[in-house]
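Look over the sequence and the model, then read on.

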Amino acid sequence: MQQHKNSKRRELSDEERVSVILLYKEGKTYRKIGEEIRTSRTTVGRIVQRYEETGHVLRMPRKSARGRNPALSKHSKQLLVRTSDKRPRASLAEIVEETHLHIHPKTAGRYLRQENHYVHLCLCKPWLDHNSRKRCKRWCRERKHWSHEWRKMVYTDEMKLQVGAAVGER
């Protein structure tokens with residue numbers, strides 16, 4: 001008997017399944033068979049039902065990949081990568097629209113990352129206008145004679161922090 005990982009259930013071996021069918025052919029009830037093999041009558045019923053439908057009781061090999069089917073086929077992934085290579089400055093939404101794939105732009109980004117295609121949004125840093133330059137100079141003049149106040153400051157290397165919606169998300 002095989003025990004499932006992290007479960008109280010156990011999987012019957014092929015020998016146990018064959019013995020279920022032999023006991024069933026002898027005319028025993030599901031409950032009696034379950035007591036002898038130490039399994040539920042529901043399990044016995046399913047084994048008998050599979051035997052009557054298919055003619056065998058052996059376990060079928062499990063699929064290696066479980067869960068939801070992939071959103072994109074191999075061909076669609078290649079199309080996504082080609083489009084991304086062809087238009088490196090396009091947003092994910094534009095790439096998805098151009099390929100006519102019915103997926104969310106974040107899904108497209110996930111598939112591109114799986115294919116080692118990292119998409120970055122190119123942004124130009126705007127020039128400082130006249131008012132911004134004045135504010136920067138005023139800020140510097142106000143702090144010109146600081147000495148120990150600077151020790152209370154936290155320094156970062158040019159980093160943009162934004163709270164709220166993700167501007168510039170690709």
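## Where helix 5 meets helix 6

Leu-92, Ala-93 and Val-96 of helix 5 meet Pro-105, Ala-108, Gly-109 and Leu-112 of helix 6. Contact here means heavy atoms within 4.5 Å. By class, the residues of this contact are six nonpolar, one polar and no charged. Ala, Val, Leu, Ile, Met, Phe, Trp, Tyr, Cys and Pro count as nonpolar; Asp, Glu, Lys and Arg count as charged; the others, Gly among them, count as polar.

Two packed helices are described by the angle between their axes and the distance between the axes. Helix 5 and helix 6 pack at about 90°, with their axes 8 Å apart. Helix 5 and helix 6 are therefore roughly perpendicular to each other. Axes are lines fitted to C-alpha atoms, for helices over the stretch in contact, and angles run from 0 to 180 degrees between N-to-C directions. Angles under 35 degrees count as roughly parallel, over 145 as roughly antiparallel, 65 to 115 as roughly perpendicular and the rest as oblique.

## About the model

This is a predicted model: local features need pLDDT of at least 70, side-chain atom pairs count only at pLDDT 80 or more, and totals for chains, interfaces and linings use all residues. Residues are numbered from 1 along each chain as its sequence is written, and side-chain values use heavy atoms, with hydrogens and water left out.

The chain has seven helices and two strands. From the N terminus, the order is β-β-α-α-α-α-α-α-α. Helices (H or I, at least four residues) and strands (E, at least two) are DSSP runs, numbered from the N terminus. Of the 170 residues in the chain, 22% are buried. Buried means under 20% relative accessible area, exposed over 50%, and partly exposed in between (1.4 Å probe, protein chains only).

## The buried side of helix 5

Which residues of helix 5 are buried? They are Leu-92, Ile-95, Val-96 and Thr-99. These residues cover an arc of only 95° around the axis, which puts them on the same side of helix 5. The arc is that of the directions from the helix axis to the C-beta atoms. The buried residues of helix 5 pack against helix 4 and helix 6.

## Between helix 5 and helix 6

Just after helix 5, His-100 takes a positive phi of about 60°. Further on, His-104 lies in the loop between helix 5 and helix 6. His-104 has 49% relative accessibility, so it counts as partly exposed. His-104 and Leu-92 are twelve residues apart in sequence. In space, their C-alpha atoms are 8.9 Å apart.

## Two faces of helix 4

Helix 4 covers residues 74-86, 13 residues in total. From first C-alpha to last, helix 4 reaches 18 Å, close to the 18 Å expected at 1.5 Å a residue. The expected span is 1.5 Å times one less than the number of residues.

Ser-76, Leu-80, Val-81, Thr-83 and Ser-84 are buried in helix 4. Seen down the axis, these buried residues fall within an arc of 165°, so they line one face of helix 4. The face turned away from them carries the exposed residues Lys-74, His-75 and Lys-86. The buried residues of helix 4 pack against helix 5 (92-99) and helix 6 (105-114).

## Where helix 4 meets helix 6

How do helix 4 and helix 6 cross? They pack at an angle of about 90°, with their axes 10 Å apart. Helix 4 and helix 6 are therefore roughly perpendicular to each other. Lys-77, Leu-80, Val-81 and Ser-84 of helix 4 make the contact with Ala-108, Tyr-111 and Leu-112 of helix 6. This contact has five nonpolar, one polar and one charged residues.
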